[in-house]
Amino acid sequence: SWRLMDHHAKYVTDKDFLGQWQLLYFGFTYCPDICPNELIRMREILDTLDKDPGTREKVLPLFITIDPKRDGPAQLKSYLSDWHPRLLGLT
(Lines give C-alpha, C1' and ligand atoms only; values in the text may rest on other atoms or scores of the structure.)
Protein backbone atom coordinates (compact mmCIF):
# COMPACT_ATOMS: atom_id res chain seq x y z
CA SER A 1 0.00 0.00 0.00
CA TRP A 2 1.14 3.56 -0.64
CA ARG A 3 0.15 7.17 0.09
CA LEU A 4 1.15 10.11 -2.11
CA MET A 5 -0.01 13.68 -2.63
CA ASP A 6 -1.66 14.52 -5.94
CA HIS A 7 -1.20 17.74 -7.88
CA HIS A 8 -4.31 19.17 -6.17
CA ALA A 9 -2.48 18.86 -2.79
CA LYS A 10 -4.77 15.97 -1.74
CA TYR A 11 -3.40 12.74 -0.31
CA VAL A 12 -4.37 9.57 -2.18
CA THR A 13 -3.64 5.90 -1.61
CA ASP A 14 -3.69 2.82 -3.76
CA LYS A 15 -7.20 2.13 -2.45
CA ASP A 16 -8.48 5.30 -4.18
CA PHE A 17 -7.82 3.67 -7.53
CA LEU A 18 -9.29 0.21 -6.99
CA GLY A 19 -11.11 -1.06 -10.05
CA GLN A 20 -9.19 1.18 -12.46
CA TRP A 21 -6.30 0.31 -14.69
CA GLN A 22 -3.38 2.63 -14.11
CA LEU A 23 -1.15 3.85 -16.88
CA LEU A 24 1.99 4.81 -14.95
CA TYR A 25 4.86 7.07 -15.86
CA PHE A 26 7.75 7.77 -13.52
CA GLY A 27 9.61 10.98 -14.30
CA PHE A 28 10.32 14.51 -13.14
CA THR A 29 9.27 17.96 -14.29
CA TYR A 30 12.81 19.18 -14.99
CA CYS A 31 13.48 16.30 -17.38
CA PRO A 32 14.70 17.90 -20.62
CA ASP A 33 14.31 15.15 -23.23
CA ILE A 34 12.95 11.73 -22.35
CA CYS A 35 9.95 12.75 -20.22
CA PRO A 36 8.41 15.07 -22.85
CA ASN A 37 8.84 12.44 -25.55
CA GLU A 38 7.20 9.77 -23.41
CA LEU A 39 4.40 12.09 -22.30
CA ILE A 40 3.64 12.79 -25.97
CA ARG A 41 3.28 9.03 -26.44
CA MET A 42 1.11 8.78 -23.35
CA ARG A 43 -1.12 11.61 -24.64
CA GLU A 44 -1.53 9.81 -27.98
CA ILE A 45 -2.47 6.57 -26.21
CA LEU A 46 -4.95 8.37 -23.97
CA ASP A 47 -6.52 10.21 -26.90
CA THR A 48 -7.07 6.85 -28.59
CA LEU A 49 -8.44 5.19 -25.44
CA ASP A 50 -10.69 8.16 -24.67
CA LYS A 51 -12.63 7.61 -27.89
CA ASP A 52 -14.31 4.67 -26.15
CA PRO A 53 -16.24 5.87 -23.06
CA GLY A 54 -15.96 2.43 -21.47
CA THR A 55 -12.18 2.49 -21.70
CA ARG A 56 -11.96 6.12 -20.63
CA GLU A 57 -13.60 5.30 -17.30
CA LYS A 58 -11.32 2.32 -16.66
CA VAL A 59 -7.88 3.79 -17.40
CA LEU A 60 -6.30 6.32 -15.04
CA PRO A 61 -3.07 7.97 -16.22
CA LEU A 62 -0.61 8.74 -13.42
CA PHE A 63 2.64 10.71 -13.49
CA ILE A 64 4.69 9.82 -10.41
CA THR A 65 7.66 12.06 -9.77
CA ILE A 66 11.05 10.65 -8.89
CA ASP A 67 12.10 14.11 -7.64
CA PRO A 68 9.62 14.95 -4.86
CA LYS A 69 11.83 17.68 -3.38
CA ARG A 70 11.46 19.78 -6.53
CA ASP A 71 8.13 18.48 -7.81
CA GLY A 72 5.52 19.64 -5.33
CA PRO A 73 1.81 19.78 -6.15
CA ALA A 74 1.95 23.25 -7.74
CA GLN A 75 4.93 22.36 -9.94
CA LEU A 76 3.27 19.11 -11.05
CA LYS A 77 -0.03 20.86 -11.79
CA SER A 78 1.67 23.47 -13.95
CA TYR A 79 3.80 20.91 -15.80
CA LEU A 80 1.05 18.38 -16.43
CA SER A 81 -1.41 20.97 -17.74
CA ASP A 82 0.62 20.90 -20.98
CA TRP A 83 0.16 17.17 -21.56
CA HIS A 84 -3.30 15.70 -20.96
CA PRO A 85 -6.26 16.87 -18.86
CA ARG A 86 -6.77 13.48 -17.21
CA LEU A 87 -3.14 12.99 -16.21
CA LEU A 88 -2.86 12.97 -12.42
CA GLY A 89 0.46 13.94 -10.87
CA LEU A 90 1.66 12.28 -7.68
CA THR A 91 4.50 13.28 -5.39
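Helices (H or I, at least four residues) and strands (E, at least two) are DSSP runs, numbered from the N terminus. Leu49 lies in helix H1.

This is a predicted model, where local features need pLDDT of at least 70, side-chain atom pairs count only at pLDDT 80 or more, and totals for chains, interfaces and linings use all residues. Residues are numbered from 1 along each chain as its sequence is written, and side-chain values use heavy atoms, with hydrogens and water left out.

## Helix H1

H1 covers residues 34-49, which makes 16 residues. From first C-alpha to last, H1 reaches 23 Å, close to the 22 Å expected at 1.5 Å a residue. That expected span is 1.5 Å times one less than the number of residues.

Which residues of H1 are buried? They are Cys35, Pro36, Leu39, Met42 and Leu46. Seen down the axis of H1, the buried residues fall within an arc of 115 degrees, so they line one face of the helix. The arc is taken from the directions between the helix axis and the C-beta atoms. Buried means under 20% relative accessible area, exposed means over 50%, and partly exposed lies in between (1.4 Å probe, protein chains only).

An α-helix has 3.6 residues a turn, so residues three or four places apart point the same way. The face of H1 turned away from its buried side carries the exposed residues Ile34 and Thr48. Strand E3 (21-27), E4 and H3 are among the parts that cover the buried residues of H1.

Leu39 is in helix H1. Its relative accessible area is 2%, so Leu39 is buried. Contact means heavy atoms within 4.5 Å. Leaving aside neighbours within four places in sequence, Leu39 is in contact with Tyr25, Phe63, Tyr79, Trp83 and Leu87.

Leu49 has 26% relative accessibility, so Leu49 counts as partly exposed. With neighbours within four places in sequence left aside, Leu49 is in contact with Thr55, Arg56 and Val59.

| Pair | Apart along the chain | C-alpha separation |
|---|---|---|
| Leu39 and Tyr25 | 14 residues | 8.2 Å |
| Leu49 and Val59 | 10 residues | 8.2 Å |

## The cores

A nonpolar core is a set of buried Ala, Val, Leu, Ile, Met, Phe, Trp, Tyr and Cys residues joined through side-chain atoms within 4.5 Å. The largest has 13 residues, and those with the most contacts inside it are Leu39, Phe63, Tyr79 and Leu87. H1, E4 and H3 each supply at least two residues of this core. H1 gives the most, with 4 residues. A second, separate core of 7 residues includes Leu60, Leu62, Ile64 and Leu88.

## Aromatic rings

How many aromatic pairs does a search of the whole structure find? It finds 4. The rings of Phe63 and Tyr79 have centres 5.9 Å apart and planes at 55 degrees, so this pair is tilted. Rings of Phe, Tyr and Trp (its six-membered ring) pair if their centres lie within 6.5 Å; planes under 30 degrees apart count as stacked, over 60 as edge-to-face and the rest as tilted.

Phe63 lies in strand E4 (residues 59-65) and Tyr79 in helix H3 (residues 73-80), so the pair ties together parts that are 16 residues apart in sequence. Phe63 counts as buried, at 0% relative accessibility. Tyr79 also counts as buried, at 12%. Tyr25, Phe63, Tyr79 and Trp83 form one aromatic cluster.
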